[in-house]
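Colleague: I am new to this structure and would like to learn how to read it. Could you take me through some features step by step?

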Amino acid sequence: MSGESEPERLVTAPDAGSDEAGELLGELWHRIEAGSGGDAGAVLDETALRIADRLLRVTATSSGETPVEVVHAIAIMRVIRFLSGAGDDERSPALSLLTEVWRAVPELVSDDVFAALGARADDGLALLGSELLQRAQLSADRSLLDQAVDVLEEAVRAEPAGDELAGRLSNLGLAYRLRAERYGVGDDLRSALAAGERSVSVCPEGAFEQAGCLANLADSFLARFERDSDPRDLRQALAAYRAAVVAARDGHPLEVVVAGKLGIALKERFVMSGHQEDIDSAVDLCARAAASVAPGDVFYAQCQTNLGSALAVRATWNNLRGDIEAAVTACRNALDATAPGEPAASVRWSNLSAALHDRYELLRARDDLDDAVAAAQSALAGAGPHTPEHRALLFANVSNILRIRGDLDDDRADLEGAVDSARSAVKLSPTGHAERANRLNNLGTALLSRFEAEQRQNPGTGAAVDLLTEGIAALTEATRDDARNSNLVGSLSTLGLLLLKRFQHAGAADDLTAAIEASSAAVAACPAEHPLLAGIALNLGSAWREAFEHRGTDAERAAAIRSWQSGTVAATSPSVFRLACARQWAELAAEQRLWHLAAEGYGHAVALLPVVSWRGLRRLDQENELMRQATVSRDAAAALLATADPATALAHLEQGRAVLWTQRLDLRSGPAALHHTAPELAEGLDRVRAALDGVNAVVTPSLRQH
């Protein structure tokens, strides 16, 4: 009998039920009496365990209840097995079962029976509470978690000394936190912090339990930070994680997991502060933790999802393609190790969705976008036991990814789904909620996309103006809550674009002025290395261009081009936005017959063509990206001809015509320069090329024979 098969609830019924159950119960007591009389074989025989298993099956009700006398008999049988020399493996299940019986009918279990196991009743409570907590972590059954809290509270009230009390308090704090995260029950998070702080205070220095107490306390601080965005909680979480790392040195079972937890806290601080050393340290810690556990380890999935999350953040901020590939792999590894129905699955699906979305933004592979949508929907579908805060986060994720796909495909259903999901996220984040501003950002962006689709399909409709007005109201509120808005620059930029669209649609001059002000504020607030810089500069340039077209001043034209120029050279921004800035710059200059300025802009655009269709994409995705930029090289040549530079015009035409062919030729060029700087690496590349040529020489003729 394993711990998973033990009864969860007891029924104090007067009998065991069927005739078969009565016979089995009688046989079990006969063996117990024989064992207690000195016949060890009567209970050590495997037949005794088979009788107990069969008795459980025939007496359990459809709701999982088991008669207390059945559990009592099995518990006593296990006690006798332990006393008869079966080994310490029998002690824990015996103590756990005895405790269940004692809680239901105290008079059935005397102190002497507990003493026979070298324990007291409160020791049994601590063990039973720990077992219930472990099962609750892997189950969506709330009753298990409620039982764990009740039993652990009883165990703590017994007030054992030193490290025993510390361990019980730590488990109780974990149970409170888990219930707070899943169900948002009352003051559970506050209770988790109180239990955690007390556990750390009573735990002796250097005790085995110290690392776990510190880590659980840190988890509670981090949970409150994620809920309230108070940086003081993050600082306390980091301090407790660092102390846990010190306490878990030298092969402690928690050594790996606490290092990964510290990494995740550093990732959160990086998102707040942007300090590169934080995200580098986070990735290093999470990578070392993941490398230390193999598939099948209890911490494997957690370490993999932590690593994937940290890598995805660094990849997004630093435009690192290797990081994003590793992030997706780690997130998939975590899900492969997650049991169906496990509550953690929702978070892990969400992390995978985010990593796939980030990879799409970096590499533009369409399959990643579809997979990200599917993963986000799986996360939402599996979020049953989680709090409204968690569901709001998932709705926001679904909205963001549906919007991107809807924009790409001009898919009305995706865009309507994006708006509906964003509205649900805002509704679940009331005024004052730490994430309300970010949810309003998503809603404003989704409404903008929905407006643009409506304009394409039904131009001039009143409904389109209503979408703009709703989006402007959402983003105006979001920008007012700047202390809680982690994407203030994005909010300001999108607000500016919505105001610009409403000006273009309705013609109110105040909207154009407000659009320029909001977009200018976004650029001013955006750090030079921020990945959003090119997109924000693109929006500001569009607002200045609109002002130029309505008022015609050279200063407004110059402001538009300056904005696009800054976006073009924003090296850490996605290449697709940089290329859009270059094209807008060049096109406005060409319209004004500023040919040298236009040629410069088109030169940047042509140079970016191989970047947006880089060789890591599938051939179809490369072709799709190039088709969207089909006129760039032609327009560049025209501008250069206007400057009397036919040689460069021809070069741009060739460069734009042969992007994919040039990439294939580059693969065949020898690493001559590399032989001088890194000869071993160059020789390795030569061997790989020779091996590939050998494979082709063998495979190609065999294919032709068929």
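Modeller: Happy to! Axes are lines fitted to C-alpha atoms, for helices over the stretch in contact, and angles run from 0 to 180 degrees between N-to-C directions. This is a predicted model, where local features need pLDDT of at least 70 and side-chain atom pairs count only at pLDDT 80 or more, while totals for chains, interfaces and linings use all residues. Residues are numbered from 1 along each chain as its sequence is written, and side-chain values use heavy atoms, with hydrogens and water left out.

Colleague: How many helices and strands are in the protein chain?

Modeller: There are 34 helices and 2 strands; helices (H or I, at least four residues) and strands (E, at least two) are DSSP runs, numbered from the N terminus. The C-alpha trace spans about 110 × 70 × 50 Å along its principal axes. Of the 706 residues, 50% count as buried, where buried means under 20% relative accessible area, exposed over 50% and partly exposed in between (1.4 Å probe, protein chains only).

Colleague: How are two packed helices described?

Modeller: By the angle between their axes and the distance between the axes. Take α15 (residues 300-318) and α17 (residues 344-363): their angle is about 30 degrees and their axes are 10 Å apart. The two are therefore roughly parallel to each other.

Colleague: Which residues of α15 and α17 meet?

Modeller: Contact means heavy atoms within 4.5 Å. On the α15 side, Ala301, Gln302, Thr305, Ser309, Ala312, Ala315 and Thr316 take part, and they meet Arg348, Asn351, Ala355, Asp358 and Leu362 of α17. By class, this contact has 5 nonpolar, 5 polar and 2 charged residues; Ala, Val, Leu, Ile, Met, Phe, Trp, Tyr, Cys and Pro count as nonpolar, Asp, Glu, Lys and Arg as charged, and the others, Gly among them, as polar.

Colleague: At what angle do α28 and α30 pack?

Modeller: Helix α28 (residues 595-612) packs on α30 (residues 632-642) at about 150 degrees, with the axes 8 Å apart. That angle makes α28 roughly antiparallel to α30. Residues in the contact include Trp595, Tyr602 and Leu609 of α28, along with Val632, Asp635 and Leu640 of α30. The contact divides into 12 nonpolar, 1 polar and 1 charged. Here too, α28 passes α30 in a left-handed crossing.

Colleague: Now the cysteines. How many disulfides does the structure hold?

Modeller: A disulfide is a pair of cysteine sulfur atoms within 2.5 Å, and the structure holds 0. Cys203 is in none, and its nearest cysteine sulfur, that of Cys213, is 4.5 Å away. Cys203 is buried, with a relative accessible area of 8%, and Cys213 is also buried, at 2%.

Colleague: And Pro253: where does it lie?

Modeller: Pro253 sits in the loop between α12 (231-247) and α13 (255-273). With a relative accessibility of 53%, Pro253 counts as exposed. Leaving aside residues up to four places away in sequence, Pro253 touches Phe208 and Phe299. Pro253 and Glu529 are 276 residues apart in sequence and 40 Å apart in space, C-alpha to C-alpha.

Methods. Angles under 35 degrees count as roughly parallel, over 145 as roughly antiparallel, 65 to 115 as roughly perpendicular and the rest as oblique. A crossing is left-handed if the near helix is turned anticlockwise from the far one by less than a right angle, and right-handed if clockwise.
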